[in-house]
Amino acid sequence: MSLSNEMVQEKLIAKFGDQVSQFATSYGMLSFESPKEINLKVLQFLYDEPSLAFTFLTDICAVNYPNQKGAELVVVYHLHNLKENIRVRYSVSTSLENTDVFTATKLFESANWMERETYDFFGINFVGHPNLKRILNVDEMDYFPLRKEFPLEDQTRIDKDDEMFGRG
Amino acid sequence: MEHNHITLPEGSIEKTTTTLNIGPTHPATHGVFQNIMEVDGERIVSSDQTVGYIHRAFEKLAERRPLYQITPITDRLNYCSSPINNMGWHITCEKFLQIETPKRVDYLRVIIMELARISDHLICNSIVGVDTGAYTGFLYVMQYRELIYEIYEEICGSRLTTNIGRIGGFERNFTNTAFTKLEKFLNEYPKVLKEFESLFTRNRIFMERTQGTGGISAERAMNYGFTGPNLRAAGVDYDVRVHQPYSSYQDFNFTVPVGTTGDNYDRFLVRNAEMWESISIIRQAYEKVQAFKGAEAEVYHADVPEYYLPKKEDVYTKMEALIWHFKIIMGEIDLPKGQIYCPVEGGNGELGFYLISDGGRTPFRLHFRRPCFIYYQAYPELIKGGMLSDAVVTMSSLNLIAGELDA
């Protein structure tokens with residue numbers, strides 16, 4: 001019997017009740033959220049439950065929503081069940097003041113660098129990570145560049161004398 | 001009398017291992033990679049990698065660009081097979097905007113993507129040959145990569161960073177020269193690949209250098225997030241082209257080659273077998289393209305005025321075309337709200353695009369799932385306990401591309 005998005009949703013609700021929420025399907029992929037405190041429990045359940053078996057971690061990344069007060073940073077996990085060929089998107093949100101999220105490195109070796117990258121760009125503090133330091137940026141950097149508080153330069157600005165690039 | 005002794009660091013006399021630095025630029029790394037290894041004689045005890053030397057903040061740059069300006073960024077990820085990245089990005093945009101592409105466009109794209117896969121695998125496998133001491137194969141097959149690049153050039157005007165295709169299709173129809181060159185490639189390349197295989201596959205030196213080195217089990221490979229030929233060499237038949245077909249891959253017959261041990265030799269064999277499959281896919285696609293008759297045979301893009309630039313003569317003579325031209329170039333098209341994750345089978349694994357739009361004109365966030373960034377973290381485990389010279393072969397057989405790794 002093949003697994004469907006509805007069955008995944010039912011199983012999650014049966015296990016976690018109203019702690020998992022915001023179920024939605026867009027472009028065929030089921031997405032849902034939970035409080036960040038139970039992220040490992042949810043990932044472990046998705047991994048261990050034989051009928052779900054989301055044993056392949058496709059991707060971890062973060063998103064910064066500056067207007068969501070208290071939930072400005074969102075960590076997104078993309079999981080894949082290779083046998084049934086079904087993917088889910090799972091996200092937990094955290095505030096800028098307390099960016100602690102439990103690490104998934106115990107479950108997936110691949111999470112190691114993905115979490116380091118996420119820390120590097122967004123400053124998510126993955127609690128329990130074996131080696132949480134910057135990976136793509138220089139170690140001396142003291143800010144998290146992919147947060148929305150660092151906008152890219154406005155291309156229409158006129159206060160710059162920059163003849164070399166045709167803006168003089 | 002005063003003696004000037006050299007002061008050695010604490011414990012350096014008793015230490016039995018040597019710390020060896022390889023990279024960031026070193027002839028054996030084929031890219032900007034640094035490895036600091038602890039070696040006992042020639043055996044590797046442990047190693048530590050440094051990455052990020054050519055990080056260019058693509059994800060940040062993409063937040064300020066309209067969709068069509070992001071294509072050149074994707075060129076610079078896996079630059080050995082840029083067309084796959086370009087097509088992957090176009091396919092992501094099309095899925096997101098719910099644009100339906102004509103079948104002929106899909107088939108033309110398949111031809112280009114499979115050519116790119118061949119050129120990617122060709123480089124990787126011939127470099128594995130170079131690192132085991134056989135330079136001839138590498139120099140020989142370069143001619144055919146050149147022919148592939150000439151086909152790109154005929155279609156889009158550039159060779160390495162191609163920026164090929166547009167959202168909705170191609171910027172122009174394939175010329176007859178492009179098809180002639182493709183026919184030349186299809187005629188000549190199989191013989192060359194056969195020769196290339198007979199140089200290596202049963203070569204005693206090559207087999208002894210690659211068998212049993214850099215191996216990984218299927219479980220570990222999956223846990224490490226391996227995808228593409230590296231995962232298939234470990235025995236998992238996961239291929240995005242089969243699991244989640246895009247660009248009409250479901251219309252083609254091909255097999256997914258798998259290995260058993262996941263070592264350097266199996267990775268080499270899987271890539272070679274995939275090149276044969278690619279040739280067969282290109283043949284099928286070319287037949288399908290030739291089967292179109294009449295007006296259908298001239299179709300090379302979908303009808304999406306919001307994203308596909310109008311013809312130049314129309315821009316000069318028609319009001320509507322002029323408006324669309326300006327709106328597209330100035331990036332004044334509002335995107336729908338939503339999120340999409342769209343994967344394609346890249347040269348070295350599952351290349352994914354995670355696009356989030358908040359209804360603005362540029363992506364709110366764009367994340368690239370770069371396959372070699374994820375599987376390169378297994379490298380210390382792959383080389384631990386092996387010889388230093390095998391670590392070099394393992395690195396090249398993983399098909400690491402610094403541009404993709406560092407994004």
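Analyst: Happy to. Let's begin with one pair of residues: Ser26(A) stands opposite Met29(A) in S2(A). Keep in mind throughout that this is a predicted model.

User: How many bridges join S1 to S2 in chain A, and do the strands run parallel or antiparallel?

Analyst: Strand S1 (residues 21-26) of chain A is joined to strand S2 (residues 29-34) of chain A by 4 bridges, and the two run antiparallel. The hairpin they form has 2 residues between the strands, and there Tyr27(A) takes a positive phi near 50°.

User: Which residue is the bridge partner of Leu355(B) in S6(B)?

Analyst: That partner is Leu366(B). Strand S5 (residues 350-358) of chain B and S6(B) pair over 5 bridges in the antiparallel sense.

User: Now helices. Is H16 of chain B mostly covered or mostly open?

Analyst: To judge a helix, count its buried residues. For H16 (residues 388-397) of chain B, 8 of the 10 residues are buried, so by the cut-off of 20 or more other C-beta atoms within 10 Å, the helix is mostly covered. Among the buried ones are Asp390(B), Val392(B), Val393(B) and Met395(B).

User: What covers the buried residues of H16(B)?

Analyst: The cover includes strand S3 (43-50) together with helices H4 (103-131), H7 (204-210), H11 (264-291) and H15 (379-383) of chain B. Just after H16(B), Asn399(B) takes a positive phi of about 60°.

User: Which residues touch the most other members of the largest nonpolar core?

Analyst: Of its 141 residues, they are Ala62(A), Ile111(B) and Leu400(B). H4(B) gives the most to this core, with 14 residues. Leaving out residues up to four places away in sequence, Leu400(B) touches Gly31(B), Phe33(B), Cys372(B), Tyr376(B), Met395(B) and Leu405(B). Met395(B) is also one of the buried residues of H16(B).

User: How do I read the contact, and how many residues does it take from chain A and from chain B?

Analyst: The size of an interface is often given as the accessible area lost when the parts come together. Here we can count residues: the contact takes 26 residues from chain A and 29 residues from chain B. On the side of chain A that touches chain B, strand S3 (56-64) and helix H3 (111-122) of chain A are the elements that give two or more residues. S3(A) gives the most, with 6 residues. By class, that side of chain A has 15 nonpolar, 8 polar and 3 charged residues.

User: And what of chain B as a whole: how many helices and strands does it have?

Analyst: Chain B comes to 17 helices and 6 strands. A compact globule of 407 residues would have a radius of gyration near 22 Å, and chain B agrees, with 23 Å. Its C-alpha trace spans about 95 × 50 × 40 Å along the principal axes. Buried residues make up 47% of the chain. Of the contacts in chain B with a separation of 6 or more, 70% come from residues 24 or more positions apart.

Technical notes. Residues numbered from 1 in each chain as written. Chains lettered and ligands numbered in written order. Predicted model: local features only at pLDDT ≥ 70, side-chain atom pairs only at ≥ 80, totals over all residues. Rg over C-alpha atoms; globule rule 2.2 N^0.38 Å. Buried ≥ 20, exposed ≤ 12 C-beta atoms within 10 Å, placed from the backbone. Contact = placed C-beta atoms within 7 Å. Nonpolar A, V, L, I, M, F, W, Y, C, P; charged D, E, K, R; others polar. Core = buried A, V, L, I, M, F, W, Y, C linked by C-beta atoms within 7 Å. Pairing = 2+ DSSP bridges.
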